[in-house]
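Please examine the sequence and structure shown below. The report that accompanies them is arranged by topic.

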Amino acid sequence: MASSVFEEYETIDLFASWDSKKQPVIQLNNLKKWFPVSQQSLLFSKVISNIKAVDGVQLFINKGETLGLVGESGCGKSTTARVTVKLEEPTEGSVYFKGVDIFQPMTKEEELVIKRQLQMVFQDPYSSLNPRKMVLDIIKEPFDIHFPDMLYEEKESRVLEILAKVGLEDYHALRYPHEFSGGQRQRIGIARALAIHPEVVLLDEPVSALDVSVQAQILNLLHDLQKELNLTFMFIAHDLSVIKHVSDRVAVMYLGKIMELSPTGDLFRKTAHPYTVSLLSAIPRPDPRIKMDRILLEGDVPSPIDPPPGCPFNPRCWKAQEICSQKSPTLDEIRPNHYCACFFPEI
Amino acid sequence: MSEKKPLLEIQDIYTQFFTESGVVEALDGVSFDVTAGEPVGIVGESGCGKTVTGHSILRILPKNGKTIKGKIIYKGINLLNLTHNQMRSIRGKEIAMIFQDPMTSLNPIFRVDDQMTEVISLHRKVNKKEALDIAIEMLESVGLSDAEKRIHDYPHQFSGGMRQRILIARALALQPSLLIADEPTTALDVTIQAQVLEIIKEMQKKLGLAMMLITHNLGVVAEITKRVHIFYGGRVVESGPTEDVFINPQHPYTRALFDSIPSIEKDKTRLETIPGNVPRLINPPKGCRFHPRCKYATEICSRERPEDVWLGPKRRVACHHYEELDLDVDEETMRERVKIKEEV
């Protein structure tokens with residue numbers, strides 16, 4: 001059990017009532033995050049509309065699994081992740097981590113316990129590491145925050161231990177980020193997130209800035225670390241082939257809403273939502289023999305400031321009928337564990 | 001096809017950048033050709049010289065970069081010998097280029113009509129009215145709806161996919177013989193990428209355009225091109241008809257590259273990785289530039305640069321050991337390869 005590693009430092013037990021077999025690690029309930037758009041007049045600024053980045057997301061993640069979150073740019077993937085790790089306050093809805101609502105009023109100590117177990121790896125390995133700090137200090141920082149009483153020697157040995165786990169050498173600890181390649185930096189980012197033994201790691205496009213040959217190294221590393229440390233992943237990507245490779249279950253997002261949520265195999269073989277169908281057909285396959293019958297969507301993703309009424313996908317959907325622009329479909333279970341928000345799913 | 005004289009012939013070019021930390025050998029003896037009307041793919045990872053190739057052809061390298069050796073023969077003329085003014089008449093009119101980032105390739109303070117008609121009236125003998133008509137017609141042909149009105153908008157009023165369409169329209173308005181497309185869909189979302197690829201394919205067929213598609217996305221190459229050149233560390237390591245290279249790759253790098261991409265078709269297996277990183281081209285590895293990462297490398301690989309071995313009229317590979325590689329291939333792949341060879 002991960003938390004036992006730091007038993008001597010952590011005295012609060014927040015999650016006593018949590019049963020890992022019955023309850024999901026993370027549960028998002030009708031999560032909304034709206035960013036206000038304001039207009040400046042002479043004296044006052046007035047909120048004229050909202051960017052509905054996340055607009056009613058219903059999602060759960062079970063212990064030990066990888067949930068892939070896929071969608072096009074601006075669909076709210078990253079905002080969902082940022083709210084889940086408490087980097088942003090939600091506008092509405094709640095996030096339950098191990099049965100505890102992380103946005104309920106709590107003491108600073110309790111908040112730290114929660115934040116320690118929810119870590120994030122960012123997309124850009126160039127801007128997510130402080131260029132003025134040595135790798136040792138970058139990875140040591142989480143210990144300074146969460147375990148200020150820990151001895152320096154212990155912190156240092158834990159840093160070296162995690163460095164070895166992500167495939168870097170001891171001497172790398174005394175170097176600065178600019179001395180590393182993109183792939184190595186992403187390893188440092190992963191080491192920083194995993195150093196304090198989190199329960200859940202949110203990976204926000206961890207490989208999209210990397211070359212394919214390096215991408216494969218990082219994907220394999222993440223897979224090994226997940227097994228070894230018994231981690232739960234939420235893996236955000238826009239590349240469906242990467243998502244298929246890493247995920248146990250996949251959630252497809254479009255304009256701040258979950259369109260389809262299902263085990264990976266079902267999503268690719270028994271695709272239900274028209275948006276997922278078009279997304280799958282849009283990927284160019286690296287095999288010249290495959291000739292795709294491609295479904296070309298018309299137009300662009302609508303703006304999240306003024307999303308279309310009803311189903312957000314209805315203006316581009318080839319199956320859309322009158323009801324689609326009037327009522328918003330709910331995320332229903334169309335077969336065991338396979339959820340789809342559509343009035344006319346493909347079955 | 002093989003008898004036709006190539007439209008563009010690149011013969012053994014060396015492009016270098018002179019920087020404070022040393023000479024970057026960005027292109028190191030690159031040769032390939034493009035036949036008229038043929039879509040050709042240039043594939044490789046970042047820093048392998050794909051973009052530099054495009055820039056070398058158009059001679060738009062930054063000040064510290066220079067093509068020091070070799071020939072770039074376009075329609076029988078060596079572009080490297082032309083004066084600046086002569087070169088200006090080639091750029092755009094003969095060889096056009098579209099760049100990766102549709103957000104920065106258009107000037108934000110001019111309307112689209114100005115930016116398009118400027119190019120057209122510079123190179124073609126038309127008056128303003130005619131230039132505008134040509135621009136509108138081009139925009140319509142790349143699928144911009146309501147082009148007559150929207151042409152008077154500013155770039156920021158268009159989405160990324162639309163801007164890339166405008167750039168394609170602007171490049172093709174001069175009826176070039178060769179289009180160099182540098183990662184034209186990399187900055188776009190998959191559904192938009194599919195739209196833009198469809199337009200590129202359509203325009204290429206309609207205009208009988210020769211095209212050099214520079215990309216790292218193997219899927220895009222498979223879809224659009226007929227022939228492909230695989231770049232690694234500033235050299236062409238393998239080239240040939242796209243289908244043959246994809247199904248039957250000969251160079252260890254090409255094989256490793258294909259094995260390292262996760263696939264939608266195949267089921268979950270562990271990815272093959274290439275150890276190490278893409279080499280820096282200041283003091284690149286001696287001999288074969290892939291040898292430090294290659295599992296087949298022997299002593300000769302670190303000493304001698306491998307020569308191009310021609311396996312067919314348009315098929316070559318630069319590896320000392322390509323013949324020995326099949327030893328560890330499993331039976332199923334082997335059978336598939338034999339089948340394909342018979343078909344070809």
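Predicted model: local features only at pLDDT ≥ 70, side-chain atom pairs only at ≥ 80, totals over all residues.

## Interface between chain A and chain B

The contact draws 45 residues from chain B and 41 residues from chain A. Together the two chains bury about 3700 Å², and 54% of that area lies on carbon and sulfur atoms. Two salt bridges are found across this interface. In one salt bridge, the side chain of Arg294(A) meets that of Glu223(B), with an N to O distance of 2.7 Å. The count of residue pairs in polar contact between chain B and chain A is 13, with both residues at pLDDT 80 or more.

On the side of chain B that touches chain A, the elements giving two or more residues are helices H7 (190-207), H8 (218-224), H9 (242-247), H10 (252-260) and H11 (331-343) of chain B. H7(B) supplies the largest share, eight residues. By residue class, this side of chain B divides into 19 nonpolar, 13 polar and 13 charged residues.

## Domains of chain B

The domain assignment of chain B gives domain 1 (92-211) and domain 2 (232-343). The centres of domain 1 of chain B and domain 2 of chain B, taken over C-alpha atoms, are separated by 36 Å.

## Two buried residues of chain A

Thr276(A) is located in helix H9 of chain A, which covers residues 274-282. Because its relative accessibility is 1%, Thr276(A) counts as buried. Leaving aside residues up to four places away in sequence, Thr276(A) touches Val252(A), Glu260(A), Leu267(A) and Thr271(A).

Arg249(A) is placed in strand E9 of chain A, residues 249-254. With a relative accessibility of 7%, Arg249(A) counts as buried. The side chain of Arg249(A) makes a polar contact of 2.8 Å with the side chain of Glu65(A). When residues up to four places away in sequence are not counted, the residues that Arg249(A) touches include Phe60(A), Ile61(A), Asn62(A), Leu67(A) and Pro263(A).

## Salt bridges within chain B

Over all chains, the structure holds 37 salt bridges. One of them joins the side chains of Arg289(B) and Asp28(B), at 3.7 Å from N to O. Arg289(B) lies in the loop between H10 and strand E11 (309-312) of chain B, and Asp28(B) in strand E2 (residues 22-34) of chain B, so this pair ties together parts that are 261 residues apart in sequence. Arg289(B) is buried, at 3% relative accessibility, and Asp28(B) is buried as well, with a relative accessible area of 7%.

A salt bridge also forms between Arg227(B) and Asp33(B), whose closest N and O atoms are 2.9 Å apart. Since Arg227(B) lies in strand E9 (residues 227-232) of chain B and Asp33(B) in strand E2 of chain B, the pair ties together parts that are 194 residues apart in sequence. Arg227(B) has a relative accessible area of 4% and is buried, whereas Asp33(B) has 22% and is partly exposed.

## A further pair and a network

Arg316(B) forms a salt bridge with Asp308(B), the closest N and O atoms being 3.0 Å apart. Arg316(B) counts as buried at 6% relative accessibility, while Asp308(B), at 34%, counts as partly exposed. Salt bridges that share partners also join Glu25(B), Asp28(B), Arg235(B), Arg289(B) and Arg305(B) into one network.

Note on methods: Residues numbered from 1 in each chain as written. Chains lettered and ligands numbered in written order. Heavy atoms only, no water. Contact = heavy atoms within 4.5 Å. Buried area = accessible area lost by both parts, 1.4 Å probe. Salt bridge = Lys/Arg side-chain N within 4 Å of Asp/Glu carboxyl O. Polar contact = N/O pair within 3.5 Å; in protein donor to acceptor, adjacent residues only side chain to side chain. Helix = DSSP H or I, 4+ residues; strand = E, 2+ residues; numbered from the N terminus. Nonpolar A, V, L, I, M, F, W, Y, C, P; charged D, E, K, R; others polar. Domains from an automatic or database assignment. Buried < 20%, exposed > 50% of the residue type's maximum accessible area, 1.4 Å probe, protein only.
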